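Hello,

Here is the structure I promised to pass on to you. Have a look at it first, and then read on for what I found in it.

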Amino acid sequence: MDLSSKYFNDVAWRYIDHSTGLEPMQSFAFDDTFSERVGNDLSPNIVRTWVHQHTVILGIHDSRLPFLKDGIHYLTDERGYNAIVRNSGGLGVVLDQGILNVSLIFKGKTEVSIDEAFTVMYLLISKMFEDEDVEIDTHEIVHSYCPGKYDLSINNQKFAGISQRRVRGGIAVQIYLCVEGSGSERAQLMHDFYQHALKGAQTKFAYPDIHPDCMASLETLLGREITVQDVMFKLLYAIKDLGGQLNMDPITTDEMILYDKYYERIVERNAKMNAQIE
């Protein structure tokens, strides 16, 4: 079946704009909340945009780095970034005002493969930039931060990475899009973080060997000014062009009650990491 028709043609999508006003831990809690709601047929599919100030989002494997304390102190004390551990797959990524995060949340369990869920996001991003004179590739950029099979790149320079999380019958596919500023400077930050947190130690898990020139922003790759706001408009137009039916239904009281539960969980997880590094 054509995935574009399955997920977008005459399909209701509820748009939630969280591009201002939230802390990163709140974003991950909201995605878990909406995944459960969509999984239980209590909400249509959801597309959510989110932007956060200077924060490095670490993966579970990052929380086991041998010198994590030194890595965190480098980020916070020397570079002015916050650091939290997320609940979805992957390794550390950088968030700031030039990075747009998008979550697509739809129903699915074992009948929706991991590759299919990733491909839905790839189809949407391809649609968003179809009028640009570029070819978006999807393959692992080995020397990027948070490398993965569904890295998105132009001329072998990565500008986006995709992860997914499954909660109670719902799937949240999350992408960060490096829109404004310098992708290579963000990559250098993560390179230096791993140097502080690894110090050359041998570990069972292979952490990325980051080459900053493997990453770039869309602004750089397209050779013109483009803003996070521009890309948000492209996102909504692309969903409509694919046949999606957009609405902006507000968050309900029941959803906020559920959100409180998920937020508490992620706060507890981060409290454990903070206890390790104090």
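This is a predicted model: local features need pLDDT of at least 70, side-chain atom pairs count only at pLDDT 80 or more; totals for chains, interfaces and linings use all residues.

Among contacts in the protein with a separation of 6 or more, 79% are between residues 24 or more positions apart.

On the overall build, the secondary structure consists of eight helices and eleven strands. The radius of gyration is 18 Å, close to the 19 Å that the globule rule gives for 278 residues, so the protein is as compact as a globular protein of that length. Its C-alpha trace spans about 50 × 45 × 35 Å along the principal axes. Of the 278 residues, 55% count as buried.

I16 sits in strand β1, which runs over residues 12–18. With a relative accessibility of 6%, I16 is buried. Setting aside residues up to four places away in sequence, I16 touches F34, I46, V47, R48, T49 and I251.

The other is T55, in strand β3 (residues 55–58). T55 counts as buried too, because its relative accessibility is 2% and the cut-off for buried is under 20%. Beyond its neighbours within four places in sequence, T55 is in contact with P24, with Y81, N82, A83 and I84, and with V93, V94 and L95.

Then there is helix α3, residues 68–78, whose buried residues are L68, G71, I72, Y74 and L75. How do they lie around the helix axis? Seen down that axis, the buried residues of α3 fall within an arc of 155°, so they line one face of the helix. On the face of α3 turned away from the buried side you will find the exposed residues D77 and E78. After α3 comes G80, which has a positive phi, near 75°.

Key
Residues are numbered from 1 along each chain as its sequence is written. Side-chain values use heavy atoms; hydrogens and water are left out. Helices (H or I, at least four residues) and strands (E, at least two) are DSSP runs, numbered from the N terminus. The radius of gyration is taken over C-alpha atoms; the globule rule is 2.2 Å times the number of residues to the power 0.38. Buried means under 20% relative accessible area, exposed over 50%, partly exposed in between (1.4 Å probe, protein chains only). Contact means heavy atoms within 4.5 Å. The arc is that of the directions from the helix axis to the C-beta atoms.
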